[in-house]
Amino acid sequence: MVANASPRGPRGWPLVGSLPSLAADPLDFMVQIAARYGDVVPYRVGVRPHWTFAHPDAIEALLVKHRDALVKDTVTRSLSRVLGEGLLTSENPLWKRQRRLASPSFRPSHLQAYAEVMVAATQRGVQRVTLGERDVHADLTQITMEVVLETLFGTRGGDAGAAGDAVVRFMEAFEEEIRSARRLLPGWVPTRGRRTVARSREVLKQTLGRIIEERRHSGEERDDLLGRLLAARDDDGQGMSDQQLYDEAITLFAAGHETTALALSYALWGIAHDPELAERLAQERREVLGDRPATFDDLKALVWHEAAVKESLRLYPPAWVVGRRVIEAFEVAGVTLREGHQVLLPQWVVHRDPRWWTQPLQFRPARWRNGETDELPRFAYFPFAGGPRVCIGNHFAMMQGVLSLTTWLQSVSVAPAAGAALSFMPAVTLRPRDGVRLSCSPNA
Ligand code: HEM
């Protein structure tokens, strides 16, 4: 990276700074400022100084070396209106304690036990798929929601559909809010979007609260995530408050299914538009599985399916930007960041940067099989972020990605739907604006 002592960035407008451009098209804004000003770009959103860093070395320095000088940025923090103080939004010392409690549920020994649930939920999901043109993102969201509920909360879900809808409504309201000047209003102002977000939290609390209460009353001690959260005790023997339990449950429910559904939907989109790749994948399934369902032990052999998921996470990263706020001044990439500065690290830009990727805009899983990606700088690819706040569900997500993709394609083939295009509505995640419409037919 070329260090630049006085980096330049867009000047923006009085009062709102670059908010109008950022809000109009956040993905394009990130691409344009990187193209025009380089790897380190200062600008303002409202009166807040912002920096975007688009070089892997700077991203590594920020997420790993300077991790103690940064906390979650203002936008991520505002997610606490629905997620509360769960793992994604909280800070030390609460975060450290909760991360320690949740981690065992995501260790390889536990993940192995989830494989069957992932395959079975996908099999049930594909049975619901009516053939013809449809939004596969909606199908996959239902599947990934069932997987999270069953693996982490030990329940088949029942009326969890309402909770899934609440996540969608919250995402939409959040997207609208962060794209308007309303995002500059103080947190206590009850905007329409904020009221929708508060209602979503109530629905999530009710649905997940019922699941928590049922487990409490059953007196059953299970070694799943919910069991571990319920059994957790402080040094003075205190259990987790109901509030904290809800916050963790809502966080894991929301963070655990939406993102994986996106990764799978965009992988199917890429496969639908590349018949040669679809055939390569079919060949792998024939060789590894024949007609039987996939298991945990097959994962290491399903290398092309894994490459398709990785490539989906590169080209269409569900978490398209990582945000942080500086709490203590430090220097990085030749500039000084001061307390209160907001830092954005856009996967969307770095994952499409021709310095690291050949044919960066092509969906080309082969790049993960032919050695092309072996020498990449560590943070040229960071779909799950990195450092201590790295996604706790990264192995869970990769495993479900491969198993669900394989299981789906064993039953249902995908092809382009007439007139369908992919466009995005980036807010917390890279959601599709009009769904992911594909033509589905039975896999002979
Ligand atoms: C393809 C799927 C997924 C992607 C792309 C993804 C991406 C991310 C990213 C980028 C972060 C870091 C955010 C930051 O540093 O500000 C994160 C954090 C987190 N993710 Fe994921 N995630 C995925 C799946 C999952 C799953 C399956 C779960 C749980 C079952 C999960 C739970 C979490 C939690 C709890 C955090 C906060 C971790 C902490 O700060 O300790 N994610 N995820």
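Arg352 touches Trp357, Pro360 and Leu361, when residues up to four places away in sequence are not counted; two residues are in contact if their C-beta atoms, placed from the backbone, lie within 7 Å. The structure is a predicted model, in which local features need pLDDT of at least 70 and side-chain atom pairs count only at pLDDT 80 or more, while totals for chains, interfaces and linings use all residues. Residues are numbered from 1 along each chain as its sequence is written.

Arg352 lies in the loop between helix H15 (347-350) and H16. Helices (H or I, at least four residues) and strands (E, at least two) are DSSP runs, numbered from the N terminus. With 18 other C-beta atoms within 10 Å, Arg352 is partly exposed. A residue is buried if 20 or more other C-beta atoms lie within 10 Å of its own, exposed if 12 or fewer, and partly exposed in between. Gln362 is 10 residues from Arg352 in sequence, and their C-alpha atoms are 9.4 Å apart.

## Helix H14

Helix H14 covers residues 303-315, and its 13 residues should span 18 Å at 1.5 Å a residue; the expected span is 1.5 Å times one less than the number of residues. The end C-alpha atoms of H14 are 18 Å apart, which agrees.

Because 12 of its 13 residues are buried, H14 is largely enclosed by the rest of the structure. Among the buried residues are Trp304, His305, Glu306 and Arg314. The buried residues of H14 pack against helix H12 (242-272), helix H13 (275-289) and helix H16 (394-411).

## The ligand shell

The ligand is surrounded by 25 residues, of which the closest are Gly256, Thr259, Ala319, Cys391 and Gly393.

The shell divides into 16 nonpolar, 6 polar and 3 charged residues. Here Ala, Val, Leu, Ile, Met, Phe, Trp, Tyr, Cys and Pro count as nonpolar, Asp, Glu, Lys and Arg as charged, and the others, Gly among them, as polar.

## The nonpolar core

The largest nonpolar core has 123 residues, and Phe53 and Leu268 touch the most other members. H12 gives the most to this core, with 18 residues. Such a core is a set of buried Ala, Val, Leu, Ile, Met, Phe, Trp, Tyr and Cys residues joined through C-beta atoms within 7 Å. Leaving aside its neighbours within four places in sequence, Leu268 is in contact with Val136, Val414, Val436 and Leu438.

## Strand pairing

Strand E1 (residues 40-45) pairs with strand E2 (residues 48-53) in the antiparallel sense over 6 bridges; two strands pair if DSSP finds at least two bridges between them. Tyr43 stands opposite His50 in E2. E1 and E2 form a hairpin with 2 residues between them, and Gly46 in the turn has a positive phi of about 65°.

E2 also pairs with strand E8 (residues 342-345), in the parallel sense over 3 bridges. The bridge partner of Trp51 in E8 is Val343.

## Backbone details

Asn92 and Pro93 are joined by a cis peptide bond, with omega about 0°. Pro93 lies in the loop between helix H5 (80-83) and helix H6 (94-102).

Ala333 is not a glycine, but has a positive phi of about 50°. Ala333 is in the loop between strand E6 (330-332) and strand E7 (335-337) and counts as buried, with 20 C-beta neighbours inside 10 Å. Ala385, not a glycine either, has a positive phi of about 60°. Ala385 is found in the loop between H15 and H16 and is partly exposed, with 18 other C-beta atoms within 10 Å.

Notes
Near = placed C-beta within 6 Å.
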